[in-house]
Amino acid sequence: MSQSDGRHLFVRHRANPILTSDDLPFPANSVFNPGAARVGDETVLLLRVEDLRGISSLVVARSSDGATVWHVEDKPLLGPDPAHPEEVWGCEDPRLVYLPERAVWAITYTGYSRRGPLVSLAVTKDFKTVERLGPVMPPDDKDAALFPRRFDGRWIMIHRPAPITGPANIWISYSPDLRHWGDHTVLLEAREGAWWDANKIGLGPPPLETVAGWLVMYHGAHTTSSGPIYRVGLALLDLDHPEIVLRRSDEWVMAPTTNYESVGDVDKVVFPNGWVLDEAADRLSLYYGAGDSAVGLAEAKFSEVMAYMEQAPLNLHRRAEDDGRG
Ligand code: BMA
């Protein structure tokens with residue numbers, strides 16, 4: 001083993017699960033996979049709420065301490081809309097990134113179309129009204145987040161197309177205007193065989209800028225005879241060229257262990273979509289879906305996460321064209 005055991009890094013909050021369908025001001029089947037942001041003196045979660053038909057909408061919840069006393073809106077911010085047939089079966093799994101250049105929060109989310117899941121983009125200034133920019137990746141594609149700023153004039157998005165055959169890898173794409181995307185390139189490859197992150201991986205929360213590089217968390221869906229186990233690991237991307245993976249943890253740092261993660265609509269799932277960094281408190285708060293049924297919170301010391309990443313294996317899967325740029 002080349003690295004210390006990372007499973008101690010994220011500590012589950014004593015109030016877990018911090019939100020269940022019982023906490024909503026309307027009937028629903030489940031609440032999970034939230035995007036997260038610190039806005040002023042409140043933590044905002046954009047919850048995925050699945051209704052009693054099976055269709056998901058995105059609903060805002062606010063809390064001043066980011067853990068307890070959540071105020072949940074009684075109407076969705078984003079949900080199926082007849083004007084948007086590409087989301088006819090719902091809006092799922094949002095990621096939130098503030099774009100200083102536009103003074104808006106970007107919401108990348110999964111639109112569930114009749115032709116499969118796709119990536120949609122919307123923006124909001126206040127989490128009260130929202131402007132849809134429409135689909136940005138065709139099906140099947142999900143698990144997308146933007147970087148908060150441009151690189152050499154271009155926006156960058158991480159996402160996860162699912163090919164008809166072969167592993168589902170994490171890709172990176174570029175755009176001059178947030179609408180037209182190209183130069184699609186594989187960023188992180190699923191491993192093979194018995195690995196926890198074999199065959200199917202996807203981005204977790206949006207990339208987090210640190211002095212050592214962009215910290216990314218990703219999930220691996222390991223297939224077993226009783227269904228997949230969703231666990232998460234970490235990687236570090238080059239600050240100026242985020243298409244270069246500097247380091248990648250071999251081991252997962254979080255796995256479903258508690259009852260509310262192990263048993264739910266989908267068993268054995270931890271699925272983080274959002275994190276909030278409080279640098280002064282050295283606290284990284286991770287918000288995740290538990291068992292596709294509830295919302296969990298796990299907190300890490302940010303300095304410990306970065307120390308762990310300093311020891312993480314250098315990436316051995318760099319593409320040939322990366323040589324000389326790292
Ligand atoms: C993924 C997504 C998530 C879900 C996870 C586990 O493919 O659909 O929304 O939480 O599976 O079921």
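A polar contact is a pair of N or O atoms within 3.5 Å; within protein, one atom must be able to donate a hydrogen and the other to accept it, and residues adjacent in sequence count only if both atoms are side-chain atoms. The structure is a predicted model, in which local features need pLDDT of at least 70 and side-chain atom pairs count only at pLDDT 80 or more, while totals for chains, interfaces and linings use all residues. Residues are numbered from 1 along each chain as its sequence is written, and side-chain values use heavy atoms, with hydrogens and water left out.

In the side chain of Asn33, an N or O atom lies 2.9 Å from an oxygen atom of the ligand. For Lys142 the corresponding distance from a side-chain N or O atom to a ligand oxygen is 3.1 Å, and for Tyr230 it is 3.1 Å. The ligand taken alone exposes 310 Å², of which the protein buries 85% (accessible areas by the Shrake-Rupley method with a 1.4 Å probe). Around the ligand, with a heavy atom within 4 Å of it, are Asn33, Arg48, Asp93, Lys142, Tyr230, Val266, Phe271 and Asp292. This shell has four charged, three nonpolar and one polar residue (Asp, Glu, Lys and Arg count as charged; Ala, Val, Leu, Ile, Met, Phe, Trp, Tyr, Cys and Pro as nonpolar; the others, Gly among them, as polar).

Nine aromatic pairs were counted, where rings of Phe, Tyr and Trp (its six-membered ring) pair if their centres lie within 6.5 Å, and planes under 30 degrees apart count as stacked, over 60 as edge-to-face and the rest as tilted. One of them, Phe147 with Trp214, is edge-to-face, at 4.9 Å centre to centre and 90° between the planes. Phe147 lies in the loop between strands S10 (141–146) and S11 (155–161) and Trp214 in strand S16 (residues 213–224), so the pair ties together parts 67 residues apart in sequence. Strands (E, at least two residues) are DSSP runs, numbered from the N terminus.

Most residues other than glycine have a negative phi, and most peptide bonds are trans. Asn16 and Pro17 are joined by a cis peptide bond with omega about -10°. Pro17 is in the loop between strand S1 (11–12) and strand S2 (30–39).

Definitions and conventions
Helices (H or I, at least four residues) and strands (E, at least two) are DSSP runs, numbered from the N terminus.
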